[in-house]
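Okay, thanks everyone. I'd like to walk you through the contact between two chains today, so let me put the structure up.

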Number of protein chains: 2
Amino acid sequence: MAVTIKDIAKKAGVSHTTVSRALNDHPAISKETVGRIKLLAEELDYVPSAAARGLKTNRSLVLGVIVHRIEDPFLTDVLRGIEDTLNPSEYSLFLAATKRDPEREKRVIQAMAERRVDGIIFSSLYIGVQQLRYLKQIDIPIVLINNQTMQDPDVYLVYHQDVEATRQLTQHLVDLGHRKIAYLGSARSGRTNVKRQQGYEEGLEKAGLPLCPEYIISGTTSRPENGINGMNGLLALADPPTAVICYNDMIAIGAIKAITQAGLSVPHDISVAGFDNIDLAQYVTPPLTTFHQPRYQLGQEAAKMILHILQQDKGAQRPDAVVLHGELIIRQSTVSPH
Amino acid sequence: MAVTIKDIAKKAGVSHTTVSRALNDHPAISKETVGRIKLLAEELDYVPSAAARGLKTNRSLVLGVIVHRIEDPFLTDVLRGIEDTLNPSEYSLFLAATKRDPEREKRVIQAMAERRVDGIIFSSLYIGVQQLRYLKQIDIPIVLINNQTMQDPDVYLVYHQDVEATRQLTQHLVDLGHRKIAYLGSARSGRTNVKRQQGYEEGLEKAGLPLCPEYIISGTTSRPENGINGMNGLLALADPPTAVICYNDMIAIGAIKAITQAGLSVPHDISVAGFDNIDLAQYVTPPLTTFHQPRYQLGQEAAKMILHILQQDKGAQRPDAVVLHGELIIRQSTVSPH
DNA sequence: ACGTTTTCTGCACACGTTTGCACGAACTTT
DNA sequence: AAAGTTCGTGCAAACGTGTGCAGAAAACGT
């Protein structure tokens, strides 16, 4: 149905070979022929078939992006960074979510493999080891975002320096005069949570403050309900903290809600800090002190990295990790203790 | 490099034709041969080439999804609905964003056309008419989400009943006793905004309340800043409203902020209602009364619709529109006026 | 005038599948 | 025992491109 280069060839009175070359600006075709054929192609509404081209060239011009949950606002921005970077290029983007479901992960990777994607960006915390092995055996570049699990030479990394971030947050609270600082974590968030907690502990140590086990709460999820529960636990302590650092902004919002419901005020009675600087962090009351993780840039760097790798000869060595640093954002949810 | 059916054929001592048929469970191949070949394929890590198959079958098993902005939380949920529906099927998903940029829109559609997607789901309010014409000339189903712009027989629609929604919201405020109700719109949101404003006006009319022009503010964007600006305008009126219906939750959050900054309280002095029921609507203070638009289902229905169309014979007639109804969610940002 | 180089174009095959048709073998029917 | 039927398999062509090689035509140098 669709018009092919053969149709154009017939109409132009040349061979389909010449048409193919003309459309690809092959130097051996005369300027005049190229112009004539391109014009004709335009007139006939010719659209090249990526399938046929891919079959011949062994390049699909498609990148796979695998995330955990699409609705995660963090991933949303990462995705945007990727999309913006890819859009001007000739690459398109396959998207799929795994949802921590091994069955689904397997299907997704299978689909990407069949489509012969030229590269994969992974932004899911949980990768089945066998699936990764399967991926590696296809010879395409793999970039992992915020996942330092793998110490694998074939895998490229782009991640944010979380340890330093929570260290800065802790420092900020210490500078305000707080001495009783708690950490509200998310056990399901794996390595990321570990890193943030580590930064918190290092921050305390640097300030010469003691590490108090009951000030460290490991909630399960990273959702607001978890902030409510965790905060209620802290409030029930004999000697509650005067400041709380949360694993992320969602939890912080939950924590604020719990504090308010207990009849206390943020930041007057307790200071609360989040992490991620989600869009709405500035609109909640009080506006949230948080750490801005460069989500968009994470996606951007991951995409750039893969494009570089693909444009390079396979031989050339590339840096196999990019570390990004975020920014402490001080708003009104943190003040000096009274 | 990759192993092909010919490799399997050689190893199995049959023709590649037989291998192809065996892998596709063609009835004319003996059970025994099928089993043997499938086992062999597994052993050799055979992965079929979607490009080659697509070339032959004229089906790519890919659906294109075109959105306006990926980071829009509304679209995020729509996307999730689509992805969840597509995932168990054999279809994969191309994602691209247009950003109201005609240049970009053109590129995106061109890419989808080259990839020969089997269908397209459009969830961008702004579609260039020429681009749509271009799309229609390829013979693939097109589903538009929340966009009733087109009255086109070749285009399928899935949308939310916005008029009824704001009518209900208005009714709710009237029931509470409000008589001075304002509407804070978003001019750039096109038809959606028109529909919501229409529902507001119908609600007033039904309650026998007068339509007061200065209570209708048409801000530009749909972001919180716009809510701040618009609300400040309303507060400056000689006779400010006692309740405000906002185009969406983002604007409502902005409006609350403006009211609070003016030294007034929500809902005590002014009631505020949003629209969309975004994730955080329940966590802001006070928790937001809003209208829950079934975002996830919108995506789900769109994807289901396209899958049905593709599985059906082309001839069979399908309903070409699905209308979904949402749900009024009453929280604490709306109370009776004092 | 000829041979040589340069410029342009076409032939034919390849990429990895699917599929209509034909063919041989085994099995059933008369 | 011949004819018809079913079953399982292979041949070859096709899908729409890209590309090495050869070859024709034109331009050049002597």
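So, how many residue pairs are in polar contact between chain A and chain B, counting those with both at pLDDT 80 or more? The count is 27. Keep in mind that this is a predicted model.

Now, who supplies the chain A side? α4 (50–57), α5 (73–86), β2 (92–97), α6 (102–114), α7 (129–137), α10 (224–235) and α11 (249–261) of chain A each put in at least two residues. The largest share comes from α6(A), with seven residues. If you sort the chain A side by class, you get 28 nonpolar, nine polar and 18 charged residues.

On to charges. There are 10 salt bridges between chain A and chain B. One of them pairs A:R104 with B:D84, and the closest N and O atoms there sit 2.9 Å apart.

What about area? About 4700 Å² is buried between chain A and chain B, and carbon and sulfur atoms give 55% of that. On the chain A side, the residues that lose the most area to chain B are A:R115, A:L280 and A:Y283, together 13% of what that side buries.

In residues, the contact takes 55 from chain A and 55 from chain B.

That's my bit, over to you.

Notes
Residues numbered from 1 in each chain as written. Chains lettered and ligands numbered in written order. Predicted model: local features only at pLDDT ≥ 70, side-chain atom pairs only at ≥ 80, totals over all residues. Heavy atoms only, no water. Contact = heavy atoms within 4.5 Å. Buried area = accessible area lost by both parts, 1.4 Å probe. Salt bridge = Lys/Arg side-chain N within 4 Å of Asp/Glu carboxyl O. Polar contact = N/O pair within 3.5 Å; in protein donor to acceptor, adjacent residues only side chain to side chain. Helix = DSSP H or I, 4+ residues; strand = E, 2+ residues; numbered from the N terminus. Nonpolar A, V, L, I, M, F, W, Y, C, P; charged D, E, K, R; others polar.
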